[in-house]
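Work through the exercises below with the sequence and the model open. Try each task before reading its solution.

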Amino acid sequence: MTLRPRSLLLLAALVSCDGPVATRPEPAYDPTVLTGGLLYRWSSGKTIRVWIVPTTATTSPDLGVAVRLAMSRWNDVRQFAEYTLTAASSIGDADILVFDRESTLPIATGSCPFDPRGSAGYTYFCPGSGEPRRAERLAPSTNGGAGVSVVIRVDRGRVGSQSGYNAVMAHEFGHALGIGAHSDEAADLMFGLPSVEIPSARDRATLRFLLGRPPGLTL
């Protein structure tokens, strides 16, 4: 899978004054390999709204099924409700936009090149400038709205089955949540060519770790 952006982050741990404090796990792999050491993530407690661009495809694999499974599986990874993935009511309400290659790019890209290079899956955001640093908001080509922060493009033509499509989609959602890296273990969802559909214990530990760190870039 391909991840082009160059900036990343992590989240502050949530603690309780009245009970025991759960510790963050150590990461199974460096979550900033693809971003030059910069950590990125969403604001703590963020409800992340996802919009699926309708597709005209009438045969498997199904885009909506893959997105819904990815959202459910990554929602299960949260340690302190640091985020919630949910469906957007409209494209204008979305934070993440997901589309298949057969559809036209539905947003006006930012100051960074949009360059999937034939990847089966591609996660795109454009680091902004200033302090605190935030990703650029990418305006939809139609229907207005504040704009999305992250775009996920998948290519059903490069995946031979629904399970393969599910794996690619879930992998890209890992990038969209803050894992700016590929694992070197084939059993992990975040392996460069994923063959599993569910985040492994190593993937879970890596995301939970980075969610407990302060961000260098907020999506």
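## Exercise 1: A loop residue

Task: Place E185 in the fold and state how accessible E185 is.

Solution. This is a predicted model. Start with the location: E185 sits in the loop between helix 2 and helix 3 (201-210). Next, take the accessibility. E185 has 39% relative accessibility, so E185 counts as partly exposed. Now look across the sequence. A28 is 157 residues away from E185 along the chain, yet their C-alpha atoms are 10.0 Å apart in space.

## Exercise 2: The overall layout

Task: Give the number of helices and strands, then the order in which they follow each other.

Solution. The protein chain has 3 helices and 8 strands. Along the sequence the order is β-β-β-α-β-β-β-β-α-α-β. Of the 219 residues in the protein chain, 50% are buried.

## Exercise 3: Strand 5 and its neighbours

Task: Decide how strand 5 is enclosed, and find which strands pair with strand 5.

Solution. Count first. Then check each face. I96, V98 and D100 are buried on one side; L97 and F99 are buried on the other.

Now the pairing. Strand 3 (residues 46-52) runs parallel to strand 5, with 3 bridges between them. Here I96 is the bridge partner of V50. Strand 7 (residues 150-154) also pairs with strand 5 in the parallel sense, over 5 bridges. In that pairing, D100 has V154 as its bridge partner.

## Exercise 4: A buried arginine

Task: What does the side chain of R153 reach?

Solution. R153 belongs to strand 7. R153 is buried and has no salt bridge. The nearest side chain of opposite charge is D155, at 4.3 Å. A salt bridge needs nitrogen and oxygen within 4 Å. The side chain of R153 instead reaches the backbone oxygen of S119, at 2.8 Å.

## Exercise 5: The disulfide

Task: Find the disulfide and describe its geometry and setting.

Solution. The count is 1 disulfide. C112 and C126 form it, with an S to S distance of 2.2 Å. The angle about the S-S bond is 85°, and the link is right-handed. C112 lies in the loop between strand 5 and strand 6 (121-124), while C126 lies in the loop between strand 6 and strand 7; the two are 14 residues apart. Both C112 and C126 are buried.

## Exercise 6: Salt bridges

Solution. The whole structure holds 9 salt bridges. In one of them, D95 meets K46, with the closest N and O atoms 3.3 Å apart. D95 is in the loop between strand 4 (83-87) and strand 5, and K46 is in strand 3, so the pair ties together parts 49 residues apart in sequence. D95 is buried at 5% relative accessible area. K46, at 26%, is partly exposed.

Another salt bridge joins R49 and D93, at 3.6 Å from N to O. R49 is in strand 3 and D93 in the loop between strand 4 and strand 5, 44 residues apart.

## Exercise 7: Helix 2

Solution. G178 follows helix 2, with a positive phi near 140°.

Methods
Residues numbered from 1 in each chain as written. Predicted model: local features only at pLDDT ≥ 70, side-chain atom pairs only at ≥ 80, totals over all residues. Heavy atoms only, no water. Buried < 20%, exposed > 50% of the residue type's maximum accessible area, 1.4 Å probe, protein only. Helix = DSSP H or I, 4+ residues; strand = E, 2+ residues; numbered from the N terminus. Pairing = 2+ DSSP bridges. Disulfide = S-S within 2.5 Å. Lys, Arg positive; Asp, Glu negative; His and termini not counted. Polar contact = N/O pair within 3.5 Å; in protein donor to acceptor, adjacent residues only side chain to side chain.
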